[in-house]
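Q: I have a structure open and want a quick tour. Can we go through it piece by piece?

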Amino acid sequence: MAQNKTDLLAVLAVVKKYNLKSTEELLKKEAGLTDIPENVAGEAEVNSVLAAYKSEGDPDIYENSYMELRRFVEESLDIYKHELALILYPVLVHMYIELVYNSHEVQAKKLITKFGPEQEYYYQDELAKLAMVTKRDEMSGNDITDTFKSNAFTIRISRDTLSLLKRHLHEKKASVILNIVNEHMYFDLYEGVARNKAQCDATSGAMTGEAKRQDNKIKVYYGLLKEPDVQTLVAAPPEEDDDMDPDAPDKPKKKKPKKDPLFSKKSKSDPNAPPLDRIPLPKLKDVDKMEKIKALRESTKRVNLGPDLLPSICMYTLLNANHTVTCADFSEDSSLLSVGFVDSSIKVWSMTPMKLREMKSADQLKEIDRDAEDVLIRMLDDRRAESCRTLLGHSGPVYRTSFAPDRTMLLSCSEDSTVRLWSLHTWTCVVVYKGHQYPVWDVRFSPHGHYFVSCSHDRTARLWSTDSHQPLRIFAGHLSDVDVCIFHPNSNYVATGSSDRTVRLWDVCVGNHHRLLTGHKAPIYSLAFSMCGRYLASGSADKRVLIWDLAHGHLIAALTGHTASIHSLCFSRDGTILGTGGLDCALKLWDFTKLVDDISGENVNVSHNPDVRDGEPYLLRTFPTKQSPFLTLHFTRRNLLLGVGMYDLGM
């Protein structure tokens, strides 16, 4: 508070100096400055406040100030050193911006050339882009300068470390750095011992520092929604009239249909699940009910995987496609495979002997009895069935496809900045969704259908419903491309991964982000929720898979071992195994059950981050392909693992 008062007095002195009477009275009144002596502030203080806004001081002091700060960090006690080191990068960036803003180009260039290379490797791309800005005019509209000017750089720091830093800056009268620290940095204070190097490294790496603990305080309903009672879904055979006839008591009573033991298990309510009516979900149609029963029957034949029983793996390799294929996706029941191409086409293959049928012509449909039980089957034409169909409509490379849970529709997104919805009955485009202004990198259906999410180069993700041309929600907050998006299993949340090296969890209901997860050192290209909904896995170009606990927003494990970007993640249907596939042509299987068991034994409610586990003890097996980087991974309902890759001659 004393510091603020000094600043106010100095500003008052400036106002007085230029004889601005009414402004002086107004400032005194608003700031509550009464009983002020005539000589409110010394000349030095006036100049220091002006310097804070204009920084027109000696441009040569910047280099010395930075060296002084660096020396202070290096000579500090080991216990504080690692947290103090976190301020070096943002201080350097703001010094450079300030010098360029005040047209001291030579000093700015010297500063970044001398100290840029010693910053962490994950900041080098940004520093290279920053070094291209050499004049004040070039600053407006530049991603890096805009980001740093409008976002405070966040550092999680212990109270002791911060008081040590403040004391040093005041003693040295380092006004340049003090100004940057006060104006452009946010210190997320906590009580306790300062973090060690490993803990600092674990959560650093994002464009604007770490997440504030406040960002991860809101309760997240990560539990799964209660499944509808399947017993009531099964239509009981109609009873004969005789049973109801009181005059025919001698007739043998018709036996009640036996209860299928499969349906006798009641699904329990998850205490962490959102209320069922939190977001409106589509009502189940008869077809959906039958599909649920089919899925349940299928799951009874599921293999329970574990360290002693790894899944069988079936790898589909696309030949002559290494520069033409962009993405691949399986339907939930594994019966269909869609592949997107650079030439803007999409191909859909049937993975079963059942061919892809098309709806009959309008004239033929008129003749069908609409009340027939098998009306849906009669509408489809067997004579024109094919094992592969091509969908044409986009005007740029297709970056992602996604099947509706009921397999009647397919979504696709493209460089042409549109999302298209295709009917898999007529094999035509039904809707074009226009909202994004730039290429759309990813699109995904909600597990409950009806809703879908898309994300784009325009730094936003958008929530849509299939029946509306306009997005229902726009999720804005990322500072760079949003490269990947995915729905939570309960459809109430959407997770996004971005080139700003953060993962965010958005609430579909209100549109705000409820988790901000920092720790990746490169763009994030793949996401997967655990079967229980509590954990989120994210794969990145930093060659690591990070596991997050959504209950607290903590990073709990870093799975290392891949030697290239990770573009596909998939949990087994029983949630025991995590499969990861990378551009290094390797598939790795991890023991997720063991990881969760180890974590639950710990107290994770620490005021700052718990230690991050190394993934090595959890790696079960690595399967290399010959020369096929992975496009997608998918576990079938029976826990067979399917992979799709393209044979790359250039590797």
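Q: What share of the 651 residues counts as buried?
A: Of the 651 residues, 50% count as buried. Buried means under 20% relative accessible area, exposed means over 50%, and partly exposed is in between (1.4 Å probe, protein chains only). The model is predicted: local features need pLDDT of at least 70, side-chain atom pairs count only at pLDDT 80 or more, and totals for chains, interfaces and linings use all residues. Residues are numbered from 1 along each chain as its sequence is written, and side-chain values use heavy atoms, with hydrogens and water left out.

Q: How many helices and strands?
A: The protein has 17 helices and 32 strands. They are DSSP runs numbered from the N terminus: helices are H or I with at least four residues, strands are E with at least two.

Q: And the accessible surface, how much of it belongs to carbon and sulfur?
A: The total is about 32,200 Å², and 52% of it belongs to carbon and sulfur atoms. Areas come from the Shrake-Rupley method with a 1.4 Å probe; for residues, only the protein chains shown count as cover.

Q: What part of the contacts links residues 24 or more positions apart?
A: They make up 61% of the contacts with a separation of 6 or more. Contact means heavy atoms within 4.5 Å.

Q: Now helix 9. Which of its residues are buried?
A: In helix 9 (residues 143-150), Ile144, Thr145, Thr147 and Phe148 are buried.

Q: Why do they count as being on the same side?
A: Because they cover an arc of only 160° around the axis of helix 9. The arc is that of the directions from the helix axis to the C-beta atoms. An α-helix has 3.6 residues a turn, so residues three or four places apart point the same way.

Q: What covers them?
A: The cover for the buried residues of helix 9 includes helix 6 (88-101), helix 8 (124-131), strand 1 (153-158) and helix 11 (175-184).

Q: Which residue caps the N-terminal end of helix 9?
A: Asn142 does. One of its side-chain oxygens lies 2.9 Å from the backbone nitrogen of Ile144.

Q: On to charges. How many salt bridges?
A: The count is 28. A salt bridge puts a side-chain nitrogen of Lys or Arg within 4 Å of a carboxyl oxygen of Asp or Glu.

Q: What is the partner of Glu105?
A: Lys135, with the closest N and O atoms 3.3 Å apart. This pair links distant parts of the chain, 30 residues apart: Glu105 is in helix 7 (residues 105-115), Lys135 in the loop between helix 8 and helix 9. Glu105 is partly exposed at 36% relative accessibility, and Lys135 is partly exposed at 43%.

Q: And Arg195, what does that pair with?
A: Arg195 forms a salt bridge with Glu210, closest N and O atoms 2.9 Å apart. Arg195 lies in the loop between strand 2 (185-190) and helix 12 (197-203), and Glu210 in the loop between helix 12 and helix 13 (230-233), so the pair ties together parts 15 residues apart in sequence.

Q: Are Arg195 and Glu210 buried or exposed?
A: Arg195 is buried, and so is Glu210.

Q: Which residues form a salt-bridge network?
A: Glu291, Glu332, Asp333, Arg407, Arg573 and Arg637 are linked in one.

Q: Where is Arg400?
A: Arg400 sits in strand 10 (residues 398-403). Its relative accessible area is 15%, so Arg400 is buried.

Q: What does its side chain meet?
A: The Arg400 side chain makes a polar contact with the side chain of Asp442, at 2.9 Å. A polar contact is a pair of N or O atoms within 3.5 Å; within protein, one must be able to donate a hydrogen and the other to accept it, and residues adjacent in sequence count only if both atoms are side-chain atoms. Beyond four places in sequence, Arg400 also has contacts that include Cys327, Leu411 and Trp441.

Q: Switching to Phe571. Where does it lie, and is it buried or exposed?
A: Phe571 is in strand 26 (residues 566-571). At 4% relative accessibility, Phe571 counts as buried. Among the residues Phe571 touches are Phe529, Met531, Phe592 and Phe635.

Q: Last one: which non-glycine has phi of about 75°?
A: Asn639 has that positive phi. Asn639 lies in the loop between strand 31 (630-635) and strand 32 (641-646), and is buried at 3% relative accessible area.
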